[in-house]
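This briefing goes through one structure by topic: sheets and pairing, the disulfide, the core, and a few single residues. Please keep the sequence at hand while reading.

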Amino acid sequence: VRLVESGGGLGQPGGSLRLSCSASGDISSIYQMVWNRRTPGNQGDLVALITDDGVTHYADSVKGRFTISRGDVKNVVFLQMDNLKPDDSAVYYCQANYETAGGYRAAYGQGTQVTVAA
């Protein structure tokens, strides 16, 4: 499974950005997609996840502001970020959890930079 993110950039406080994550490879084995973010000195925090059944979970810091969703095809996941705050500045990277004959695995994208500033 391979992941490519897009949609990062500069956002203004109170503004919006939308990130996309596109998966390729054995996408039928993916059971959960996750958005994480990392900043200098931080290994990475979960932002939001969506399961194969459409169940979602959000970090407290983004609840009510961010929305994770799937596209019309299973291999695309979005993160709609509204009411941005400077603390949202980070590298956002996508994670796909999938099952193989050898067990459970995780794949990660390289990330996309999000900067929130006036």
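Which residue in β10 is the bridge partner of A96? The partner is A107. The model behind this briefing is predicted. It holds one disulfide, an open sheet of four strands and a largest nonpolar core of 28 residues.

**The four-stranded sheet**

- The sheet is open, and its strands follow the order β1-β3-β8-β7 with antiparallel pairing.
- β1 (2-6) and β7 (66-70) are the edge strands; each has a single partner strand, so one side of each lacks a neighbour in the sheet.
- From one strand to the next, the twist averages 15°.
- Inside this order, β3 (residues 17-24) and β8 (residues 76-81) run antiparallel and are joined by six bridges.
- S20 has F78 in β8 as its bridge partner.

- Strands β9 and β10 (residues 103-108) are antiparallel and share six bridges.
- These two strands make a hairpin, with two residues between them.
- β9 also pairs with β11, again in the antiparallel sense, over three bridges.
- A90 takes part in that pairing, with V114 of β11 as its bridge partner.
- Strand β2 (residues 9-11) pairs with β11 in the parallel sense, over three bridges.
- The bridge partner of G9 in β11 is V114, the residue that is also the partner of A90.
- In β11, T112, V114 and V116 make up the covered face, while Q113 and T115 make up the uncovered one.

**The disulfide**

- C21 and C94 form the disulfide, with an S to S distance of 2.1 Å.
- The link of C21 and C94 is left-handed, with -90° about the S-S bond.
- C21 belongs to strand β3 and C94 to strand β9, so the pair ties together parts that lie 73 residues apart in sequence.
- Both C21 and C94 are buried.

**The largest nonpolar core**

- Which members of the 28-residue core touch the most other members? They are M33, W35, L79, M81 and Y92.
- At least two residues of this core come from each of β3, β4 (30-38), β5 (45-51), β7, β8, β9 and β11 (112-116).
- β9 gives the most to the core, with five residues.
- Beyond its neighbours within four places in sequence, Y92 is in contact with residues including W35, L79 and M81, each of which is listed with Y92 among the core members that touch the most others.
- Other contacts of Y92 include E5, L19, N36, V47, F66, G111, T112 and V114.

- R37 lies in strand β4.
- With a relative accessible area of 13%, R37 falls under the 20% cut-off and is therefore buried.
- The side chains of R37 and Y92 make a polar contact at 2.8 Å.
- V77 lies in strand β8 and is buried, with a relative accessible area of 0%.
- The C-alpha atoms of V77 and T100 are separated by 21 Å, and the two residues are 23 residues apart along the chain.

**N83, a backbone exception**

- N83 is not a glycine, yet its phi is positive, at about 50°.
- In general, most residues other than glycine have a negative phi.
- N83 sits in the loop between β8 and β9 (90-100).
- Is N83 buried or partly exposed? N83 is partly exposed, because its relative accessible area of 42% lies between the cut-offs of 20% and 50%.

How values were computed: Residues numbered from 1 in each chain as written. Predicted model: local features only at pLDDT ≥ 70, side-chain atom pairs only at ≥ 80, totals over all residues. Heavy atoms only, no water. Pairing = 2+ DSSP bridges. Axes fitted to C-alpha atoms, helices over the stretch in contact; angles between N-to-C directions. Buried < 20%, exposed > 50% of the residue type's maximum accessible area, 1.4 Å probe, protein only. Disulfide = S-S within 2.5 Å. Core = buried A, V, L, I, M, F, W, Y, C linked by side-chain atoms within 4.5 Å. Contact = heavy atoms within 4.5 Å. Polar contact = N/O pair within 3.5 Å; in protein donor to acceptor, adjacent residues only side chain to side chain.
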